[in-house]
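Please read the following account alongside the sequence and the coordinates.

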Amino acid sequence: MKFRIRTLPLRTERIAVVLSQDDAAELGLLPGDRVKVTFDGRSFVAEVEVTHELISSGEVGVCSFTAETCSLMEECVVNITPFARPKSVEYIRKKLDGAKYEREEIRDIIGSISSDILSEVEISAFILASEIVGMHNDEIQWMVEAMVEVGQKVVFEKGTVVDMHSIGGLPGNRFALIAVPTVAAAGLLIPKTASRAITSASGTADTMEVLANVNLSADEMKEITEKVGGVIVWNAATGIAPADEKIIRVEYQLELSPKPHLMASVLSKKLGSGAKFVAIDIPVGRKAKIENVDVGRSFANSLMEIGRNLGLKVATALTDGSQPLGRAIGPALEAREVLEVMERKVEGDMLEKALGIAGILFEMTGIASSGYQHARKIFESGRTLEKFREIIAAQGGDENVRAEDIAVGDKTYTLHAAREGYVREMDIAVLNEIARTAGAPKDKGAGVYVHKKRGEVVKAGEPLLTIYAEKEWKLDNAIEVANTKQAFEISGVIIERYTMGRW
Amino acid sequence: MIFRAVRVPFKSGRFAVILNEEDASELGVREGDRVRVRFGRAGVVATVQITREIIVKGFAGLTDLASRELGISDNVEVDIFPTPKPKSVELIKKKTRGEKLTQDEIRKIVVDITNNALSEVELTAFVISSMLRGMDFDEIEWLTRSMIETGERIEFERGTVVDKHSIGGVPGNKISLLIVPTVAAAGLLIPKTASRAITSASGTADTMEVLANVNLSVDEIKEITEKVGGVIAWGGATNIAPADDKIIRVEHPLSIDPRPQLLASVMAKKGSVGAKYVVMDIPVGEGAKIERIEVGRALANDFIELGRRIGLNVTAAITYGGQPVGRAIGPALEAREALQTMEDRRGPSSLVEKALGIAGILFEMTGISSSGYQHARKIFESGRTLEKFREIIAAQGGDENVRAEDIAVGDKTYTLLLERVRWFR
């Protein structure tokens, strides 16, 4: 059928056409169906939306995004015919029936997701199928291969390329900012791609952005790595494994991260950045992505097996995921904390974890037989900080930056302990929510500083946590969260008190 | 945060607010997140859409539905702030994990579906989780009851109300056009709501529309049924079990029809129109929705059990679904065939036998006759089926004197001829 184009003053980020109800019925189309739009000898496939008003019969509406992308003009005449749904939808459908994907099928699905052919409903179905039906290791391997194939790929001509990654979910987990320069200082190449926060208060890329530019292309990433040995960039900007970002956008709405996708996400990015040796951090604990050690172990085994089949040497570390790493949560607070650690002002679990992970890479690559000691030596010699400054400079930041220079939110509120005891449990989900409500990660200076961690004794009236915000109203909202939800479980000698009435 | 409102002339089935990219990140919301929009004392919860152009910083675009609900005009100040997801999202995740939902939880989900409070992505999660994790009979019963409660209902003060339903998928299945008048002629009430075709060539509502108006309200359905005993209306024009239409919107693109939703959808519609006796037609055969008889039997048992639980007396008939019923396919051709059959008081046996068989089951269920088929045949052959059908057509605003030969069918035709003798298998 022939239609006249009407451009709508609206922009949605997908290719869609809006038809009147009558025309849709005439063509036998329902919302979400696809049509082939032909004009001027060219054609494209679009999703159908149906409207009661706005568009009259004989017209077809397109948003400005579709108009630009497909170079359509007001009033031009197009031909529209129904288009069969893509094969990838049939494959997802098969998985819903419990079948296993073939290599070509998963490749087709990832290809369709990367080129925006699948709708959110269809991507949701893909995610739920992975969550509930699951995937075998070889399916995950094919998924990784397909994800790498459609994106940018970095190849280093020389040097030993290593990388590290965390599956995430742990507030304050910024060890990479210390581990990357330590590894680079030892002569290894480490082009670290990191993510921004999706559900958490800050991602490694958000924190690094406080100190330097993280929006680098794949070429820039390679160049800097070859020059100074390491880099910390935002993965989406590099164009490596672009399907991942699109899947994650829907997963965020569903609040799901299926294990096959977690594995494919990590491995595809590392494979795409040219790494040969990878250390993967798997935080395990209450409210973390992996809730118990047994699940963590089988997850680690799958990761290593899939890595092996992809020619990637993978080591995994199960780590404590039940409380924040370090004490700071939020981009600027975290950046300040890692600088303090490198400037030797504070010690603790942040440093231990960074050196431990760096050490694993030293052992994998044969640089040292006791990796942790080797890492500690580099760190104590000051070469970690020195290298970190080089990386900051190469990424366009201020290499003379010091911990005290970093601006954090000036609106603060401190929560105090009501009674004496020791910290028995911390709720990372609540800490995360407080920090996000305070404005993190968008407001770089917003976040939470934790004064007491698990096992530490606190006296009545002592500070438990301080909230930082850049805006007064966000601070108020965060205070409300902190006062209504329990971030700390404090235990005293007397746990509960029972009294016999009054006397 | 305070924004200036802009009404966006775009029809959208849900409350949406369009924000500039910078404002969205200032508020800390992402695409698909929910915000509460407040204007004076009115407020709605809307999902966020993010734009880089169109809406400039400091302005918020509101879809028709949202701006009408708030009663705003352009440029007024509205307050927008993030709001948590509805509780039903958490409940859907419970089903994703494979846990059983309680009656109250299912009701909350269905209420949110009905009110457009769930996004397509969340609705998909509900449908697919129910498909993969399954629901037990308690849950399916609660789902059905919630779907009935959240929609319009018809209650008849007197008379025996019956209904029939076919799970569909067989071309040419115009039997309702014969069954409804036959049953009504025997004094039963049959307020039949039918669907339009989605993937097939014609639905019962499409066929009936050739002869009369099928876009009837719930009140009209009731009134006509009380007056002439039967009606054949399009279910989509009513607000009966509205959650079902919304669920179908996400099922269709994935071509899935999960068992819990299928059962609840059918039974909620029958329960809502006040039927007490229902016969289910389950066509089984190669190329039909159900290809294996065991699957058909299991479905029959499911319908009977679900009916028992919600107080509906259900009988299921497994019928032959391997080839078209009658010979005509398409609205006008089917209407003509149905009418011709009633006028001649005979016709293709697949059509007549099936229609009378099913009408007969309803006669036996309601105790009208102990040999229902014979009773139905007597009515059909006496001409009372046609007579009643004309009354129904008239009551629905059609031409009661219509004859089969009056019905216009397409004038561009092509006949496929057999080139040489072949055996059809």
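The paragraphs below take these topics in turn.

This is a predicted model, in which local features need a pLDDT of at least 70 and side-chain atom pairs count only at pLDDT 80 or more, while totals for chains, interfaces and linings use all residues. Residues are numbered from 1 along each chain as its sequence is written, and chains are lettered from A and ligands numbered from 1 in the order in which they are written. The predictor assigns the complex an ipTM of 0.81 and a pTM of 0.84. In chain B the mean pLDDT is 90, and 97% of the residues score at least 70; pLDDT is the predictor's confidence in each residue, from 0 to 100.

Chain B contains 16 helices and 11 strands, where helices (H or I, at least four residues) and strands (E, at least two) are DSSP runs numbered from the N terminus. The C-alpha trace of chain B spans about 75 × 55 × 50 Å along its principal axes. Of the 425 residues in chain B, 52% are buried; a residue is buried if 20 or more other C-beta atoms lie within 10 Å of its own, exposed if 12 or fewer, and partly exposed in between, with C-beta atoms placed from the backbone. Among the contacts in chain B between residues at least 6 apart in sequence, 77% join residues at least 24 apart, a contact being a pair of residues whose C-beta atoms, placed from the backbone, lie within 7 Å.

In soluble globular proteins, nonpolar side chains tend to be buried together. The largest nonpolar core here has 241 residues, and those with the most contacts inside it are Ala179(A), Val183(A), Ile232(A), Leu361(A), Ala438(A), Ile467(A) and Val183(B); such a core is a set of buried Ala, Val, Leu, Ile, Met, Phe, Trp, Tyr and Cys residues joined through C-beta atoms within 7 Å. Apart from it lies another core, of 24 residues, which includes Phe3(B), Leu19(B), Val35(B) and Ala66(B). Setting aside residues up to four places away in sequence, Val183(B) touches Val162(B), Leu188(B), Ile190(B), Gly230(B), Ala359(B) and Leu362(B).

Two loop residues of chain B can be followed next. Glu31(B) sits in the loop between helix H1 (21-27) and strand S3 (34-39) of chain B, and Glu31(B) is partly exposed because 18 other C-beta atoms lie within 10 Å. Beyond its neighbours within four places in sequence, Glu31(B) is in contact with Val48(B), Gln49(B) and Ile50(B). Phe156(B) belongs to the loop between helix H6 (137-149) and strand S7 (162-166) of chain B, and Phe156(B) has 16 C-beta neighbours inside 10 Å, so this residue also counts as partly exposed. Residues up to four places away in sequence not being counted, Phe156(B) touches Val161(B), Leu189(B) and Gly274(B).

How many residues does the contact take from chain B and from chain A? It takes 32 residues from chain B and 33 residues from chain A. On the side of chain B that touches chain A, the elements that give two or more residues are H1, helix H3 (87-96), helix H5 (120-133) and helix H10 (242-254) of chain B, and H5(B) gives the most, with nine residues.

Within chain A, the axes of helix H4 (residues 103-114) and helix H11 (residues 242-254) come within 8 Å and cross at roughly 75 degrees. H4(A) and H11(A) are therefore roughly perpendicular to each other, the range for that description being 65 to 115 degrees. Ile110(A), Ile113(A) and Ser114(A) in H4(A) meet Pro242(A), Ala243(A), Lys246(A) and Ile247(A) in H11(A).

Chain A also has backbone features to inspect. A cis peptide bond, with omega about 0 degrees, joins Ala440(A) and Pro441(A), and Pro441(A) is placed in the loop between helix H18 (428-437) and strand S15 (447-450) of chain A. Arg344(A), a residue other than glycine, has a positive phi near 65 degrees; Arg344(A) lies in the loop between helix H14 (331-342) and helix H15 (349-364) of chain A, and counts as exposed because it has 12 C-beta neighbours inside 10 Å.

Conventions:
Contact = placed C-beta atoms within 7 Å. Axes fitted to C-alpha atoms, helices over the stretch in contact; angles between N-to-C directions. Parallel < 35°, antiparallel > 145°, perpendicular 65-115°, else oblique.
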